[in-house]
Amino acid sequence: MDIAAFFAAEVKPALGCTEPGAVALAAATAARHLPAPPERIHLRLSANIYKNGQSVGIPGAQGLRGNMLASALGALAGDADMGLQALAAVTADDVAAARALTERGAVTQEIVQDVPTVYAEAELYRPGHLVVAVVAGRHDRVAEVRHNGQVVYRAEDALGGDSLPPYMADLQRAAFDDLWNWADGIDANLARDLLRGAEMNLAVAEQGLANPWGLAVGHTLGMALRGGDCRNASSSDARAPGSCAPDACGPDISARVKATTAAAADVRMAGANQPVMSSAGSGNHGLTAIIPPALAARAWGRSDAELARALALSHLVTGAVKARTGRLTPLCGCAVAAGAGAAAALVRLADGTPAQAEQAVALVFSSVMGMICDGAKGGCALKVGTAAAEAWSAAQLALHGPGMTGAEGIVSPDFRASLRSLGEVSSLGFAAVDVAIIRLLERGVQ
């Protein structure tokens, strides 16, 4: 497997939710071919891009949300060279202009069928010019640009539809031991990049712990940890809330893992103008895959090299799950994919064996496989926090429990067998879930 190609494509900084990020990139790319700002924008989106961009905050947009605003910002002020950080330099004036464009009805969108799950087509019009830019296959892959019907750019790679690049096809076939060994083989440059990703994501989490972004899931849970609330302590240790001695009921690492990971998702879903390191095309996947092992490495005094190899394993497991389920699915990938990756990484940091890490992955599947994805929004912090907590629990069970000796329902202790089950449940069993979710989003939940 081409490890360098995998990490270059699948683990990279992303600003804001990657679905409206892909829409902004498409619009920014199309705008390059216009002599002046567009008068109209029309979006054609896959159901999953529509779903995940409908209710999530846009970076730098002062709390405003949605794919249509993202496209207007991308067209008016986006930098296509920045990929998924295309909106990094937007100003308050840009936001006002984008808002005016959308409020006068000049931006429209529709869901299109028979396209890849990652598909964002932005059509920009002004008199004499009609430019269409398509992002497809991956969130940052510009597949084609057409100006007045003529193709002016087409991606050189052969990736089309939902086909897999070679490294993902290798992951789809890999046994768990392969992932473990590939993580062992990372070089110093890749290790440095992985550690930088941990620093990025922990910095965003610190913002969410310090201030109440979004639903303030991490901030609220973090306040309880910092205050040392003893209301659930034994009667002999009971004190007034906030006066708890650390040795009596101080915060444990599992609670910190949940609060910290949720805090980072709070910040990101609220539209903070700060990038995070993504995994498998998703910033929230990156938060879930990275923050729990990064916190554990700090608490356990692990070296940078040990953390880097654990992070590599986390991303590889996350990627292998997504290779089976698809990039955007009815299931919450933060839970089933990145949660599994984090669990494997935690086992590795605890000096566990590959077999124990494989057990931890199976236990995560058993716990959270049914969690649905109903689009990106503030509530994703709840799911991200749950995924992080379940990763911790699964790692502890794999390290200290008897483990699974055979199939538990549709989950097997064998990694590849579980992935086959997970892929079938996602593509067939949950196929109607996305249809129902889209219908509810379009009509508005009352």
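The model is predicted; local features need pLDDT of at least 70, side-chain atom pairs count only at pLDDT 80 or more, and totals for chains, interfaces and linings use all residues. Residues are numbered from 1 along each chain as its sequence is written, and side-chain values use heavy atoms, without hydrogens and water.

Pairing requires at least two DSSP bridges between two strands. Strand S6 (residues 142-147) pairs with S7 in the antiparallel sense over four bridges. Valine 145 has tyrosine 153 in S7 as its bridge partner.

Threonine 329 sits in the loop between helix H13 (304-325) and helix H14 (333-349); helices are DSSP H or I runs of at least four residues. Threonine 329 counts as buried because its relative accessibility is 7%, and buried means under 20% relative accessible area with a 1.4 Å probe, protein chains only. Its side chain reaches the backbone oxygen of leucine 331 at 2.8 Å. Leaving out residues up to four places away in sequence, threonine 329 touches Asn48, Lys51, Cys373, Ser426 and Asp434, where contact means heavy atoms within 4.5 Å.

Note on methods. Helix = DSSP H or I, 4+ residues; strand = E, 2+ residues; numbered from the N terminus. Buried < 20%, exposed > 50% of the residue type's maximum accessible area, 1.4 Å probe, protein only. Polar contact = N/O pair within 3.5 Å; in protein donor to acceptor, adjacent residues only side chain to side chain.
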